[in-house]
Amino acid sequence: MYKSTKLKSLLPIAGFLIGFCTFAMPTFASETPANSCSSAASLFTEGDVEGALDEARWCVTQLEQLKQGQTTAYFKDEINGFSGGKLESQQAMGIVMIERRYTKDQNSIDVSLSGGGSGGMNDAFAAIASFGMQAAPGKRVRIQRRTAIVNDENGSVQVIVTLKSGGMLTFESDELSEDQVIAFAKVFPVADLDDSRK
């Protein structure tokens, strides 16, 4: 008797939750760049410039998040016997920063990508990186048809690859030798990552 009374009192709540979820589902499902970009165009056509701007900004944000998600896929869970740790990814003011530490035994390599999140910012990063590479001291090497600078100072090795898409991919280790860090960089999907950002 107690159970059936309790079930009867839960039925209206269950009905509300099912109804709410059914109603809310299309809202969550419609949150795609295609929908927000289309919404921006519709609002502009209707003369709502402020609303169109707001939707257009949201459309750009979603597209940037989508592109960033595609880029992080190249920071694989395992590379050359090294296991990837927590993936850190952030974007602020058009600048993207993605970082992941790879470890094997007592050795680690920190891999970080910094660059623009969109075409204009990528071009700016490409110009800065090109200027910086010309002025920077260190040995120059080629990694997957991209120029890199190797710095080996105070027991810390740093390999900085200038990407064709703009930005820099950095490999850094306090435990490994210069040759080991370069070997890791050569098996990292540098070219694929770079091409995906163009």
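**Figure 1. Strands and helices in the predicted model.** Helices (H or I, at least four residues) and strands (E, at least two) are DSSP runs, numbered from the N terminus. The model is predicted. Its protein chain holds six helices and eight strands, and from the N terminus these elements follow the order α-α-α-β-β-β-β-α-β-β-β-β-α-α. Of the 198 residues in the protein chain, 33% are buried. Where contacts join residues at least 6 apart in sequence, 47% of them connect residues at least 24 apart. The protein chain has an accessible surface of about 12100 Å², and carbon and sulfur atoms account for 60% of that area.

**Figure 2. The aromatic pair of Y102 and F188.** Seven aromatic pairs are found in a search of the whole structure. One of them joins Y102 and F188 in an edge-to-face arrangement, with 6.5 Å from centre to centre and 85° between the planes. Y102 belongs to strand β3 (residues 95–104), whereas F188 sits in the loop between α5 (178–187) and α6 (190–196); the pair thus links distant parts of the chain, 86 residues apart. Y102 counts as buried because its relative accessibility is 0%, under the 20% cut-off. F188 also has a relative accessible area of 0% and is buried.

**Figure 3. The aromatic pair of F171 and F188.** The ring centres of F171 and F188 lie 5.4 Å apart; because their planes meet at 80°, over the limit of 60 degrees, the pair is edge-to-face. F171 lies in strand β8 (residues 168–173) and F188 in the loop between α5 and α6, so that this pair, too, links distant parts of the chain, 17 residues apart. Both F171 and F188 are buried. Together with F75, F82, Y102 and F184, these two residues form one aromatic cluster.

**Figure 4. The largest nonpolar core and the surroundings of F171.** The largest nonpolar core comprises 27 residues, of which V159, L169, F171 and F188 touch the most other members. Elements giving two or more residues to this core include β4 (107–116), β5 (139–143), β6 (146–153) and β7 (156–162). The largest contribution, four residues, comes from α5. Leaving aside neighbours within four places in sequence, F171 is in contact with residues that include I109, V111, V157, V159, V161, V181, F184, A185, F188 and V190. D110 and Q158 are also among the contacts of F171.

Figure 5. S173 counts as buried because its relative accessibility is 2%, under the 20% cut-off. A polar atom of the S173 side chain lies 2.7 Å from the backbone oxygen of S108. The backbone nitrogen of L176 is found 3.0 Å from a polar atom of the side chain of S173. When residues up to four places away in sequence are not counted, S173 touches S108, I109, G155, S156, V157 and V181.

**Figure 6. The hairpin of β5 and β6.** Strands β5 and β6 pair in the antiparallel sense, over five bridges. K139 stands opposite V150, a residue of β6. The hairpin has two residues between the strands, and Q144 adopts a positive phi near 50° there.

Key: Residues numbered from 1 in each chain as written. Predicted model: local features only at pLDDT ≥ 70, side-chain atom pairs only at ≥ 80, totals over all residues. Heavy atoms only, no water. Phe/Tyr/Trp six-rings, centres within 6.5 Å; stacked < 30°, edge-to-face > 60°. Buried < 20%, exposed > 50% of the residue type's maximum accessible area, 1.4 Å probe, protein only. Core = buried A, V, L, I, M, F, W, Y, C linked by side-chain atoms within 4.5 Å. Contact = heavy atoms within 4.5 Å. Polar contact = N/O pair within 3.5 Å; in protein donor to acceptor, adjacent residues only side chain to side chain. Pairing = 2+ DSSP bridges. Areas by Shrake-Rupley, 256 points an atom, 1.4 Å probe, with all protein chains shown as cover.
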